[in-house]
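Please keep the sequence and the model in view while reading.

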Amino acid sequence: MKDYDERIKELLGKMTLEEKVGQLQQCGPSLVGAFVVSFEELLNMMFDGRISQEEFGRLMGTAEQDFHEEDLRAGRIGSYNGVGDAETVNRLQKIAVEETRLGIPLLFGYDVIHGFKTVTPIPLAESCAWEPDLWERTGRMAADEATAAGVHMTFAPMVDAAKDARWGRVSEGAGEDALLNGLYGAAKVKGFQGEDLSRKDSMAACVKHFAAYGAGEAGRDYNRVDMSEQRLYEEYLPAYKACIDAGARAVMPAFNDINGVPCSVSRKLLRDILREDWGFDGMTVSDSNAIAECVDHGIAEDKRDAAKQAILAGMDMDMSSNSYIENMKELVESGEVPMDVLDEAVANILRVKFELGLFDDPYRTDSQRESQTMGKPEYRALGREAAQKSMVLLKNDGVLPLAKEKKIGIIGELASDRGEMTGAWAIGANGDDCISLTDACDARGIPYTYSKDGKNILKMAIESDVLIAVIGERKDESGEAASRASITLKPEDEELLKGLHTFGKPVVVILFNGRPLAIPQLNETASAILEAWHPGVEAGNALLDILYGEVNPSGKLTTTFPYTTGQCPMYYAHINTGRPGGRSKFTSKYLDTPLEPVYPFGYGLSYTSYEYSGLKVEKTEKAFRISAEVKNTGDRAGDEIVQCYVQDVVAKRVRPVKELKDFAKVSLEPGEEKEVVFEIPFEKLGYYDREMNYVVEPGLFRFYVGGNSRDTLMAESVL
Ligand code: BGC
């Protein structure tokens, strides 16, 4: 990467104090005109049911947006959030470049979380493909579309390992495991940023939410995180570090506090770990309004105090809270914030602007490129591939794949509601171009009968051979501010299923949801369960591909499905305790629920079967070499995700019963057998000791290989 230090220094030398502070300001458009409430109030009105989602959309569509152009001309804005069309971006950019004193270009940020126009499966879903190459390709596609609409930076990837299914934002990351989140995040960073950030189709990746946002107490959004330093370093930080190592140019500190210090003002996170230990030299940008919220946290007296603490801690850009723009000049003039500290923050932001090539070409797109780029056929095809690989077959008593001649009856709103296919955080798309299950049946000429709500379906049920219930969560039931205290199916869905079972026909359940659900009953009663998550624009096509066996399902869960909400947080890499759960009374368990989950981490079925054998562990000079044979014992070709776990049996701090260390996706023809080999370097077997030293200790290790975290072969070796 080019070194822009000289140019940055030169520019800083020309900037007034006000202009410097302006670079730290990121704002979004305000809405005016069509109604007299603020955007936040309007959002609240929708969420508490005073207006419908449709009404919200209509009001948003008719509202005029105020881009604070006077502030922009005065050099008081360095970046916008949430502007996603080429015309507006270029109009505002022109003002910045031609009408401000120094002509410094704006940086446009946007939440491109799982696709821009071509919406791909939610991240939790896509992680179930266990395929870094796919994650990178969909990231590249998202970057091409988003940059065509003028976006320079995406607030993604989110790599908050999340072990508590109550948390709504489980949907936005790659599940419960730090290694998987890190691999997912690194692949996204590569996809988003491409080979060269200055290319017009590259956008900067902003890794979030630093750190451990997924560990909020009781799964309640924004809640406190209180954990040992060792745990933070072992189970959470590695995912963010993997993204920094992959070259991510921005980081968003999390809303939550860790051990009493909100991440937004944590010098330890933002300076010591991020910059000193990890060598990061990109920019940090706060989460929305997070600097001002330090007052609510009770760590700052007012916004001025919050601004001071944040910049001293290493927060470069203020998203939406106006804390910097209102107070920073005075803070610097009074000497409370040294000019050097301000200069460093400005330099970090300018560096990313230089790297993006904005000083050479501030207009990286135009309306023509925008219209030519969106939703290309090859992008739809990639969206379909991603959806196929993300779906997880949870149960199948043989009813799937469906025989062509079977008459199907489809029940449930989610089978036809296009807008619901996208899932949470798909703000660049409105769902119009989504293909629902019923759309796909229509397009392929597959006959079906359909009922939205399962009422009056006697005739339909009698005439159908198979009933397909499409149930679960609507898209606004996961994502931000969407934690649930109970993660069961809804009562109306339970009722519906009860009714369907009375007909004595096979019931196939397709689940749409953004988190694990507690569904032990369903596992007992349904003939088949296909976890579809929120699959994106090609939802219906991918579903039919799998239902009719044109595609053999291969997805595996990256998150544990508990029996009941009371088990949350539930995750595979737990520790044993001194009294591991078992049959005798005084062991670590619940009286009223099994110890095991319904579906373990790594679990997923296919239309064929696999057999594992011959697990061997050899020690080479620097690594353990673990090998096993995997055979396709069924009559269909398939892709099996082979997983390798490790346990450090005796250590100075208690260690998890299993930790994922590697995996491989293997294609096998019927009857075919392959050897799968994992090389695990000794240095990857370490942990943080009582004094916070990373140590790799000699002693006994167990190695587990299998198709999920529960059903594995085991072999031991000594280091
Ligand atoms: C979310 C972030 C997001 C930001 C900007 C916040 O509410 O926590 O993940 O990037 O909004 O839209």
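## Aromatic rings

The structure is a predicted model. Within it, Trp-130, Tyr-572, Phe-601, Tyr-645 and Phe-663 together make up one aromatic cluster. Across the whole structure, a search finds 23 aromatic pairs. A pair of aromatic rings is described by the distance of the centres and the angle of the planes.

One of the 23 pairs is formed by Phe-210 and Trp-278, whose ring centres are 5.7 Å apart; their planes meet at 55°, so the pair is tilted. Phe-210 belongs to strand 7 (residues 204-210), whereas Trp-278 is in the loop between helix 11 (267-277) and strand 11 (283-284); the pair therefore ties together parts that are 68 residues apart in sequence. Are these two residues, Phe-210 and Trp-278, buried or exposed? Both Phe-210 and Trp-278 are buried.

## Lysines over ring faces

Two lysines may be considered next. Lys-163 lies over the face of Tyr-571, at 5.1 Å from the ring centre. In the case of Lys-208, the ring is that of Trp-425, and the distance from the ring centre is 5.6 Å.

Rolling a probe the size of a water molecule over the atoms shows where empty space is left. The largest cavity is lined by 13 residues, of which Lys-163, Ala-165, Thr-559, Thr-560 and Met-570 are the closest to its centre.

## Helix 18 and its surroundings

Helix 18 spans residues 437-444, and its residues Leu-437, Thr-438, Asp-439, Ala-440 and Cys-441 are buried. Which elements do the buried residues of helix 18 pack against? Their partners are strand 14 (408-411), strand 15 (448-451), strand 16, strand 17 (507-512) and helix 22 (539-547). Just after helix 18 comes Gly-445, which takes a positive phi of about 70°.

Arg-484 is located in the loop between strand 16 (466-472) and helix 20 (491-501). Why does Arg-484 count as buried? Its relative accessibility is 18%, and the limit for a buried residue is under 20%. The side chain of Arg-484 reaches the backbone oxygen of Ser-486 at 3.2 Å. When neighbours within four places in sequence are left aside, Arg-484 is in contact with Arg-166, Glu-473, Glu-477, Arg-515 and Leu-517.

Ala-461 lies in helix 19 (residues 458-463) and is buried, with a relative accessible area of 0%. Not counting residues up to four places away in sequence, Ala-461 touches Leu-467, Phe-503 and Lys-505. Between Ala-461 and Leu-350 the separation is 111 residues in sequence and 64 Å in space, taken from C-alpha to C-alpha. Thr-100, found in the loop between helix 6 (86-99) and strand 5 (107-110), is also buried, with a relative accessible area of 13%. Leaving aside neighbours within four places in sequence, Thr-100 is in contact with Leu-72, Arg-73, Gly-75 and Ile-95.

Methods
Residues numbered from 1 in each chain as written. Predicted model: local features only at pLDDT ≥ 70, side-chain atom pairs only at ≥ 80, totals over all residues. Heavy atoms only, no water. Phe/Tyr/Trp six-rings, centres within 6.5 Å; stacked < 30°, edge-to-face > 60°. Helix = DSSP H or I, 4+ residues; strand = E, 2+ residues; numbered from the N terminus. Buried < 20%, exposed > 50% of the residue type's maximum accessible area, 1.4 Å probe, protein only. Lys NZ or Arg CZ within 6 Å of the ring centre and 35° of its normal. Polar contact = N/O pair within 3.5 Å; in protein donor to acceptor, adjacent residues only side chain to side chain. Contact = heavy atoms within 4.5 Å. 1 Å grid on protein atoms, 1.4 Å probe; cavity = no way out; pocket = protein on both sides within 12 Å on 5 of 7 lines; lining within 4 Å.
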